[in-house]
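The following report describes a protein model for a reader who works with coordinates. It moves from backbone geometry to strand pairing, and then to the side chains.

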Amino acid sequence: QVQLVESGGGLVQPGGSLRLSCVASGLVFSDYYWAWYRQVPGQKRELVAGINSGGGTNYADSVQGRFTISRDNGKNTVLLQMNSLKPEDTAVYYCYGEMFKKWWGQGTQVTVSS
């Protein structure tokens with residue numbers, strides 16, 4: 001059974017940092033494309049950052065230079081380091097994995113507020 005378990009969300013002040021973690025099980029982690037999406041209530045879920053099996057990355061313009069996605073194939077983990085956080089980064093963040101099939105985590109809330 002495939003499971004994606006996210007952690008690391010929380011409340012942080014503007015300018016602060018958080019690191020999200022997603023641990024996957026039940027699949028061959030290294031073969032997958034992994035990404036982080038986010039969603040604000042009433043809005044469409046949007047891609048934040050992605051990383052392919054070769055380590056190539058892509059980022060939304062709004063987070064370029066502030067967020068870094070990485071993967072550890074030995075630990076079946078994909079990370080999202082978020083720096084210089086802004087109130088507009090507030091959202092539920094979802095881990096996403098894809099290779100023929102698509103898998104989603106349960107989401108973790110990130111709130112940026114003073």
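Phe100 has a relative accessibility of 81% and therefore counts as exposed, where exposed means over 50% relative accessible area, buried under 20% and partly exposed in between, with a 1.4 Å probe and protein chains only. The model is predicted, so local features need pLDDT of at least 70 and side-chain atom pairs count only at pLDDT 80 or more, while totals for chains, interfaces and linings use all residues. Residues are numbered from 1 along each chain as its sequence is written, and side-chain values use heavy atoms, with hydrogens and water left out.

Phe100 lies in the loop between E9 and strand E10 (101-104); strands (E, at least two residues) and helices (H or I, at least four) are DSSP runs numbered from the N terminus. Although Phe100 is not a glycine, its phi is positive, at about 70 degrees. The hairpin of E9 and E10 has one residue between the strands, and it is in this hairpin that Phe100 takes its positive phi. E9 and E10 run antiparallel and are joined by four bridges, two strands being paired if DSSP finds at least two bridges between them. Across this pairing, Tyr96 has Trp104 in E10 as its bridge partner.

A positive phi also occurs at Ser84, a residue other than glycine, with a value near 50 degrees. Ser84 lies in the loop between strand E8 (77-82) and E9, and because its relative accessibility is 42%, Ser84 counts as partly exposed.

**The open sheet**

Four strands form an open sheet with antiparallel pairing, in the order E1-E3-E8-E7. Strand E1 (3-7) and strand E7 (67-72) are the edge strands, each of which pairs on one side only. On average, and with direction ignored, neighbouring strands of this sheet are turned by 15 degrees against each other; the axes are lines fitted to C-alpha atoms, for helices over the stretch in contact, and angles run from 0 to 180 degrees between N-to-C directions. The pairings in this sheet are listed below, each with a pair of facing residues.

| Strands | Bridges | Facing residues |
|---|---|---|
| E1 and E3 | five | Ser7 and Ser21 |
| E3 and E8 | six | Val23 and Thr77 |
| E7 and E8 | six | Ile69 and Leu80 |

**The disulfide**

Which cysteines does the disulfide join? Cys22 is joined to Cys95, with an S to S distance of 2.1 Å, and this is the one disulfide that the structure holds, a disulfide being a pair of cysteine sulfur atoms within 2.5 Å. Cys22 lies in strand E3 (residues 18-25) and Cys95 in strand E9, so the pair ties together parts that are 73 residues apart in sequence. The torsion about the S-S bond of Cys22 and Cys95 is about -80 degrees, and the disulfide is therefore left-handed. Cys22 counts as buried because its relative accessibility is 0%, and Cys95 counts as buried at 0% as well.

Ala35 lies in strand E4 and, at 0% relative accessibility, counts as buried. When its neighbours within four places in sequence are left aside, Ala35 is in contact (heavy atoms within 4.5 Å) with Leu47, Ala49, Gly50, Ile69, Tyr94, Cys95 and Tyr96. The C-alpha atoms of Ala35 and Ala24, which are eleven residues apart along the chain, are separated by 12 Å.

**Aromatic rings**

A search of the whole structure finds six aromatic pairs. Rings of Phe, Tyr and Trp (its six-membered ring) pair if their centres lie within 6.5 Å, with planes under 30 degrees apart counted as stacked, over 60 as edge-to-face and the rest as tilted. Tyr37 and Tyr96 form an edge-to-face pair, with 5.4 Å centre to centre and 70 degrees between the planes. Tyr37 lies in strand E4 (residues 33-39) and Tyr96 in strand E9 (residues 91-99), so this pair ties together parts that are 59 residues apart in sequence.
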